[in-house]
Structure formats: C-alpha cells, structure tokens
Amino acid sequence: MRDTDLPPLDEYVDLSGLLGDVRQAFPTEDSVRWFVRRHRDALAAAGAVVIIAGRMRFHPGRFKQTAVVIGQRAAA
C-alpha cells in the first residue's frame, strides 16, 4: 500500500471508538487487543492500524475488511 492510499487521520479512532463497529465479532476490548497482537503486521499493512504519538488508532472500515481477509485465510 502506498502512503497516499491511506485514509485521512480524522477517520481513525481509539479502541473505544472501534468497539461499537466490531462488537459482533469482538465483544470485548480484550478480544480486539488479542486479535491485534496476533495480526498486527497485516492490520498495519492494510492501513487498519496506525500508531500516532505512541497511541494505537484504528480505521473501522479497514479493520473490519482486514479481519474478514484474515479470517478467510484462516479458514482455507
């Protein structure tokens, strides 16, 4: 992914902002944290996760799409 393909910073949210969008698949903060630990490289490569000023920020749409791709690969 090229840097110009990334969404603007204001579309990224903190973990609590992400939870409302992904609660069906990730019912708790801990489940999101576990998933990010396991798949951080893929999430970062997709622009789903960035670190700004030492804090992790999430792009909800890209996070959900990347989770589907990761899940598809796990099922194959």
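Predicted model: local features only at pLDDT ≥ 70, side-chain atom pairs only at ≥ 80, totals over all residues.
Contact here means heavy atoms within 4.5 Å, and by that criterion T66 touches A42, L43, A46 and A48, leaving aside residues up to four places away in sequence.

**Nonpolar core**
- The largest nonpolar core comprises 15 residues, and those with the most contacts inside it are L18, F26, V32, F35, L43, F58 and F63.
- At least two residues of this core come from each of α1 (15–22), α2 (29–45) and α3 (60–75).
- In soluble globular proteins, nonpolar side chains tend to be buried together.

**Crossing of α2 and α3**
- The axes of α2 and α3 come within 11 Å and cross at roughly 85°; because angles of 65 to 115 degrees count as roughly perpendicular, α2 is classed as roughly perpendicular to α3.
- On the α2 side the contact is made by V32, F35, V36, H39, A42 and L43, while α3 contributes F63, T66, A67 and I70.
- By residue class, the contact of α2 with α3 contains eight nonpolar and two polar residues, with no charged ones.

**Individual residues**
- T66, which lies in helix α3, has a relative accessibility of 9% and therefore counts as buried, the cut-off for that class being under 20% relative accessible area.
- F26, listed among the core residues with the most contacts inside the core, touches L19, S31, V32, F35, F63 and A67 when residues up to four places away in sequence are not counted.

Conventions:
Residues numbered from 1 in each chain as written. Heavy atoms only, no water. Core = buried A, V, L, I, M, F, W, Y, C linked by side-chain atoms within 4.5 Å. Buried < 20%, exposed > 50% of the residue type's maximum accessible area, 1.4 Å probe, protein only. Helix = DSSP H or I, 4+ residues; strand = E, 2+ residues; numbered from the N terminus. Axes fitted to C-alpha atoms, helices over the stretch in contact; angles between N-to-C directions. Parallel < 35°, antiparallel > 145°, perpendicular 65-115°, else oblique. Nonpolar A, V, L, I, M, F, W, Y, C, P; charged D, E, K, R; others polar.
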